[in-house]
Amino acid sequence: MTHPFIFFEWLEHQLHLHIGNHVTYTWLVMALLIMVALLVKRNIKTVPTGLQNFLEPVVDSIENMIEETMGHKGKAYFPLIATIAFFILVSNLIALIPGFFPPTANLNTNAAMALTVFAMTHIVGLKEHGIGYFKHFCGPVIWLAPLIVPIEIVGHLARPLSLTLRLFGNMYGHEIVLMIFFGLVPFIVPLPMMLMGVLVAFIQTFVFMLLAMIYIAGSLEEAH
Amino acid sequence: MEFFAWCVVAAGIGMGLGSFGTGIGQGLAIQKAVEGVARNPGASGKIMTIMLIGLAMIESLAIYVFVVAMIILFANPFTETVVQMLSK
């Protein structure tokens, strides 16, 4: 139960293709982001004008947040986290345009991002601490390890699951609530829900970004 | 047909129970955060960040219930078996 008319679905139908809404709209968001990035990159100035003026504070604030949460070591993971943040934000906000489907309202897109973060945390941990990374899973005292290790493993496996389901549930739930309100009263009444959609889009982006940062920072720090 | 009626009832009651507990939890978290900011307005930025993470964690409980409710309503794994049993 999503928007009754989805532009790319109609286009696919005309061209007799079967790709899936979330894939086509992921391509759209990717194209949008790459285009904006290339436009800004073309003429970077020391005194920013126009689009650069808008994007510079955004990038700057993400950089500051990474510095605050992860320390100066976290600077290396800025590209990953900023890319995820921009992608999620744009694909969440795209839901507010009629005829557009947010790629984040599909489990597959979110699972891809969450699994990337999950793999990244462990790769970072192994790279940073070598074989000593497994001390992270053993708890403070060595003879407690048989108790702690299963709990830690379950806790680590729950991370991608919760990251995926949180974003999916929020975006899909919002879509459904909006459609139900449209079905009941198609005038003015869905407007407050759309306003809440803007709020949800920003908060979910923030939460996903922050949790990705915290997970990576957790595997960066020393085991106790 | 009763099977599907009970599915709808289960989804509704589950969603209600899930959001009940989550609402209380989030309310308590926000109460403490507001008290903290009122006592020390300087720490509002940090409190806000931590509160948002906590709220997201609590909220995911309601989201799990929502996903289960959606599975019961739209992607029920037992639908085919029940329909086969009914058609006999």
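A residue is called buried if 20 or more other C-beta atoms lie within 10 Å of its own, exposed if 12 or fewer do, and partly exposed in between, with C-beta atoms placed from the backbone. The structure is a predicted model, in which local features need pLDDT of at least 70 and side-chain atom pairs count only at pLDDT 80 or more, while totals for chains, interfaces and linings use all residues. Residues are numbered from 1 along each chain as its sequence is written, and chains are lettered from A, with ligands numbered from 1, in the order in which they are written.

Helices (DSSP runs of H or I, at least four residues) and strands (runs of E, at least two) are numbered from the N terminus. Chain A has seven helices and zero strands. Its C-alpha atoms fill a box of roughly 65 × 50 × 35 Å along the principal axes. Of the 224 residues of chain A, 25% are buried. Two residues are in contact if their C-beta atoms, placed from the backbone, lie within 7 Å. Among the contacts in chain A with a separation of 6 or more, 68% join residues 24 or more positions apart.

Helix H1 of chain A (residues 7-15) is hardly covered, since zero of its nine residues count as buried. Just after H1(A), A:His16 has a positive phi of about 55°.

The axes of H5(A) and H6(A) come within 8 Å and cross at roughly 145°; axes are lines fitted to C-alpha atoms, for helices over the stretch in contact, and angles run from 0 to 180 degrees between N-to-C directions. By class, the contact has ten nonpolar, two polar and one charged residues. Here Ala, Val, Leu, Ile, Met, Phe, Trp, Tyr, Cys and Pro count as nonpolar, Asp, Glu, Lys and Arg as charged, and the others, Gly among them, as polar.

A nonpolar core is a set of buried Ala, Val, Leu, Ile, Met, Phe, Trp, Tyr and Cys residues joined through C-beta atoms within 7 Å. The largest has 41 residues, and those with the most contacts inside it are A:Val117, A:Phe208, A:Ala212 and A:Met213. Elements giving two or more residues to this core include H2 (21-42) and H7 of chain A and helix H2 (44-74) of chain B. The largest share, eight residues, comes from H7(A). Not counting residues up to four places away in sequence, A:Met213 touches A:Ile66, A:Thr69, A:Met70, A:Gly74 and A:Ile81.

Chain B has three helices and zero strands. Its C-alpha trace spans about 70 × 15 × 10 Å along the principal axes. Buried residues make up 11% of the chain.

The contact between the chains takes ten residues from chain A and eight residues from chain B. On the chain A side, helix H6 (145-184) and helix H7 (190-220) each give two or more residues, and H6(A) gives the largest share, six residues.
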